[in-house]
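Below are some notes to read alongside the structure, point by point.

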Amino acid sequence: MEALVLPEDESHKGNGDTVKVPDRLLKREQVRQEEVERRKEAKESKSVAEEKIDYFSNAFGTERVTVEELLSGCSAENGGAAAAVLEDVSSRIQRLQKFLNDSMPFLTQYELRQAQASLQKLQGALADKRDEVMPKKRFAFRSRNSAPSKTKMSSALPAQPAAEEGGSAFVDGAGVGVTGQCGFSNVSSQVLSKGPDEIWKRDVLLTHLTGCRVRLYGAPSTLHIKHIRDSEILCGPVSGSVFVDDCSGCTLAVPCQQLRTHNTGDTRIYLHVTSRAIIEDCNGVSFAPFSWTYPALDADFEASGLDKCRNNWSQVDDFNWLAADTPSPNWTLIPESERRTSWD
């Protein structure tokens, strides 16, 4: 009987007729095992991310409901307790903002937008409740026919009723009061400024400015910059968010926890941000690290709670650009040779 002849690498070995497994089969099995392990790790990673998202959604939603209930139960009849409730609500909203900022690395853009929309709604509800509970402050300067006090106006600013500076309510050009805000509106070609006592933990609104230079010394709670043209705005550390909308030809310098920029073009932003900067419907926006300084800046950083050693100024998310492997054409980094270091 003729013996069976195997290839050299498949020949019998030893008295027990043990067959040697070919190298190519070993390699194939090794590749298969590695692929199985890779898929397992990917599945576990996805599971961890989903667990984080679920935890965020549940925790964020629970706290949001708590804030809404606190606001719903707060009324002027509560007397002095109402102010304490509003202060508690303000602190809770700031903690929610920080929770959102810390969770951004694993949230999808949809979940991020939903959470940010919820926060803006809560901030608006808080402002409305302040207006309802403390109406006296709203009428502090509703007298639009009287001349503004010189002690309240910037030394370089002529009397303009739309550019109120120091009251407890901000009145825009249409005479609409927004409780809890201060700022400037409908001003052209002026130098405007506010001191620490005026903006401390306040919501600051700058709107409809053209060709102005604005200096905000201190640590406000939030900063809204809307409908600005060809202006320079420098601000101290903002403990919460900075919202920029419909600006062009501007230079901004601000430290903050989060930056949201919409409908803005041809604008340079010198930024210190502890979470990430977000742009949407923007073009020609460029970024550089925050470089403005003034004597009390370090103290204002400490008061704001911002981490001075943590700056993500170059990490920008463009909600209109989803290609992860291609940089967005809507924003750039300012070359070092072109960055401003002197602001006086």
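**Notes on salt bridges, cores, a cavity and backbone**

1. Glu68 and Arg64 form a salt bridge, with their closest N and O atoms 3.2 Å apart. Do keep in mind throughout that this is a predicted model. Both residues belong to helix H1 (residues 23–72), where they sit 4 residues apart, about one turn of the helix. Glu68 counts as partly exposed because its relative accessibility is 32%, and Arg64 is partly exposed too, at 26%.

2. Lys98 and Asp102 meet through their side chains in a salt bridge, at 3.0 Å from N to O. These two lie in helix H2, 4 residues apart, again about one turn of the helix. Lys98 has a relative accessible area of 45%, so Lys98 is partly exposed; Asp102, at 38% relative accessibility, is likewise partly exposed.

3. Is Lys194 buried or exposed? Lys194 has 2% relative accessibility, which means that Lys194 counts as buried, the limit being under 20%. The side chain of Lys194 meets that of Glu198 in a salt bridge of 4.0 Å, N to O, and Glu198 is partly exposed at 24%. Elsewhere, salt bridges that share partners link Arg213, Arg215, Glu232 and Arg340 into one network. The count of salt bridges comes to 15.

4. Staying with helix H2 (residues 80–103), please look at Ser90, which is placed there. Ser90 is buried because its relative accessible area is 14%, under the 20% limit. Beyond its neighbours within four places in sequence, Ser90 is in contact with Leu126 and Arg130.

5. Which residues touch the most other members of the largest nonpolar core? Among its 36 residues, they are Leu206, Leu223, Ile225, Leu271 and Phe287. A second, separate core has 22 residues, including Phe56, Phe60, Val89 and Val133.

6. What lines it? The lining consists of Gln97, Gln116, Leu119, Gln120, Ser241, Phe243, Gln258 and Arg260. By type, the lining divides into 2 nonpolar, 5 polar and 1 charged.

7. Finally, two backbone angles deserve a look. Most residues other than glycine have a negative phi. Asp230, although not a glycine, has a positive phi of about 50°. Asp230 is found in the loop between strand E9 (222–229) and strand E10 (232–235), and its 52% relative accessibility means that it counts as exposed. Asp246 also has a positive phi, of about 55°, without being a glycine. Asp246 has its place in strand E11, and with 23% relative accessibility Asp246 counts as partly exposed.

Notes: Residues numbered from 1 in each chain as written. Predicted model: local features only at pLDDT ≥ 70, side-chain atom pairs only at ≥ 80, totals over all residues. Heavy atoms only, no water. Core = buried A, V, L, I, M, F, W, Y, C linked by side-chain atoms within 4.5 Å. Buried < 20%, exposed > 50% of the residue type's maximum accessible area, 1.4 Å probe, protein only. 1 Å grid on protein atoms, 1.4 Å probe; cavity = no way out; pocket = protein on both sides within 12 Å on 5 of 7 lines; lining within 4 Å. Nonpolar A, V, L, I, M, F, W, Y, C, P; charged D, E, K, R; others polar. Contact = heavy atoms within 4.5 Å.
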